[in-house]
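The sequence and structure are shown first.

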Amino acid sequence: MKKCMFVLASLLIIGAGTMFLQAGCSRNDSSHIGAKLAKFICPMHPAIVSDRPGDCSICGMKLVPVKDKEETARQGEAKPAANAAKFICPMHPEIISDKESDCPICGMKLVPVKKSEGAAGGKSGVSGLATVSIPDDARRRMGLTLGVVEKRDLARSIRTSARLVADETRLFRVTTKAEGWVDKLHVSVSGQTVKKGDPLLNLYSPQLVSAQQEYLSVVQAAGKLAAAGGGTPETSENAKTMMDSARQRLQLWDISDEQIARIEKTRQVEKMLTLYAPAGGVVIEKGVMAGQKIMPGDSLMVVADLSVVWGEADIYESDLPFVQVGMPMEITLPYWPDKIFSGKVSFISPSLDRETRSLRIRLDIPNQELLLKLEMYADARLNFPLGSRLVAPESAIMRTGERSYAFRDIGEGRLEPVEVKLGVHNAGYFEIRAGLKEGDRVVTAANFLVDSESSMRAALEAISK
């Protein structure tokens with residue numbers, strides 16, 4: 001019984017103490033809320049709030065005073081006049097004040113900006129930019145210059161690299177239709193220069209010897225028949241037919257008419273058949289040696305006529321509309337810049353390379369002096385005239401990736417941002433397809449200063465509405 005009474009008394013004492021503490025806390029909170037103390041806040045870290053001036057514990061910036069809600073509401077009811085003076089930070093245009101002070105971010109002194117309806121010229125056609133008014137003395141200090149939109153003759157210039165290869169239409173492969181053995185080589189090494197008709201090699205072939213003997217037999221029989229009086233017309237006709245047939249058989253073995261005439265004259269069989277160069281050029285392949293047995297169709301040599309060579313070049317897909325078959329081009333060598341080789345485009349590939357997304361074109365390049373060698377790498381330049389087009393200086397165009405614009409001088413010191421549509425770029429000029437007309441004057445220097453002023457004025461006008 002005594003133990004229960006002790007526990008009950010303890011609980012009553014603890015409850016009374018708790019009520020006393022709660023009452024004390026309530027009185028302190030009400031007195032704290034009722035007191036209208038000035039608050040200070042960090043501009044960069046709004047979570048840092050203090051009752052007295054000081055520095056931010058995170059970034060070290062000076063805390064700025066924050067007005068209470070009632071005062072803010074009263075100020076919000078009174079709208080500023082349309083032409084009231086505004087103060088703005090040059091580095092942070094979003095910091096705007098009605099009174100002269102310092103920027104809470106960087107500490108710079110706010111500069112006055114007065115909204116003048118007539119001077120600025122109102123809205124512009126470029127979102128986020130406004131027409132600005134810059135007097136002549138300010139233009140001289142900024143180094144601002146103007147250029148003129150005019151018509152000029154443009155040409156599309158395409159530069160690429162080209163690999164020099166042999167003209168496939170000027171390659172001649174030396175083969176034989178008879179089986180035999182190489183007896184002697186007149187061209188012993190690849191790279192040797194030959195003329196048309198020069199001997200290349202001597203070939204011994206039993207098949208060719210047999211064909212020559214058959215032809216000589218027919219020739220001798222026809223000669224005896226002619227000596228005996230010619231016989232009947234039918235016999236003479238048969239002898240002539242046999243001679244023509246034997247002669248044609250020799251021609252099918254690639255025996256030349258000169259060789260056949262020599263066989264008829266000497267009445268002797270030539271054991272060695274000589275193969276001659278089908279064209280003048282360079283022997284770029286030699287696949288045979290002396291004493292080697294060859295079969296019909298074997299590639300013995302390849303003669304290349306290098307008086308004209310090909311240049312294989314790659315162009316990008318975007319250049320395809322400007323490249324045409326027959327257009328002129330120039331080839332230069334990196335180590336021989338003063339020597340220019342002229343040619344033309346002879347072929348455009350019908351498909352693009354899957355990996356590089358480039359297009360292969362072929363160039364015909366005269367090489368009469370044989371200065372260009374196979375497998376050389378050269379610089380190729382193609383020029384495509386575009387005619388007279390409206391252009392503006394390259395330095396006048398501001399490009400952001402999504403749009404392009406320029407600042408046009410509209411008189412009385414005013415500069416208006418104008419969005420433009422660009423075409424080709426050539427020799428320091430951009431083609432103007434839309435936005436400007438011939439004779440317009442555009443800013444070509446100090447564009448970024450004008451762009452900053454235009455952006456700041458557009459932001460100010462958007463806030464003051």
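Strand β1 (residues 39-41) is joined to β3 by three bridges, and the two run antiparallel. Across this pairing, F40 has P65 of β3 as its bridge partner. Strands here are DSSP runs of E with at least two residues and helices are runs of H or I with at least four, both numbered from the N terminus. Two strands count as paired if DSSP finds at least two bridges between them.

Both strands belong to an open sheet of three strands, ordered β2-β1-β3 with antiparallel pairing. Its edge strands, β2 (49-50) and β3 (64-66), each pair on one side only.

## Basis of the values

This is a predicted model, in which local features need pLDDT of at least 70 and side-chain atom pairs count only at pLDDT 80 or more, while totals for chains, interfaces and linings use all residues. Residues are numbered from 1 along each chain as its sequence is written, and side-chain values use heavy atoms, with hydrogens and water left out.

V283 has V303 of β17 as its bridge partner.

Strand β15 also contains I284. Together with L171 and L374, I284 makes a nonpolar surface patch of about 190 Å². Patches consist of residues with over 30% relative accessible area and no salt bridge; like charges are joined within 9 Å, and nonpolar side chains (Val, Leu, Ile, Met, Phe, Trp, Tyr) within 5 Å. A salt bridge is a side-chain nitrogen of Lys or Arg within 4 Å of a carboxyl oxygen of Asp or Glu. Accessible areas come from the Shrake-Rupley method with a 1.4 Å probe, and for residues only the protein chains shown count as cover. The relative accessible area of I284 is 32%, which makes I284 partly exposed. Buried means under 20% relative accessible area, exposed over 50%, and partly exposed in between (1.4 Å probe, protein chains only).

## Helix α7

In helix α7 (residues 257-266), the buried residues are Q259, I260 and I263. They lie on the same side of α7 because they cover an arc of only 100 degrees around the axis, the arc being that of the directions from the helix axis to the C-beta atoms. E258 and K265, on the other side of α7, are exposed.

## Positive phi angles

Most residues other than glycine have a negative phi. Just after α7, R267 takes a positive phi of about 55 degrees. R357, in the loop between β20 (336-352) and β21 (358-366), has a positive phi near 55 degrees and is partly exposed at 44% relative accessible area.

The loop between β24 (404-411) and β25 (414-426) holds E412. Phi of E412 is positive, near 60 degrees, and E412 counts as exposed at 73% relative accessibility.

## Nonpolar core

The largest nonpolar core has 33 residues, and those with the most contacts inside it are I331, I361, L363, I365, L372 and L382. At least two residues of this core come from each of β9 (150-166), β18 (308-316), β19 (328-333), β20, β21 and β22 (377-393). Strand β22 gives the most, with six residues. Such a core is a set of buried Ala, Val, Leu, Ile, Met, Phe, Trp, Tyr and Cys residues joined through side-chain atoms within 4.5 Å.
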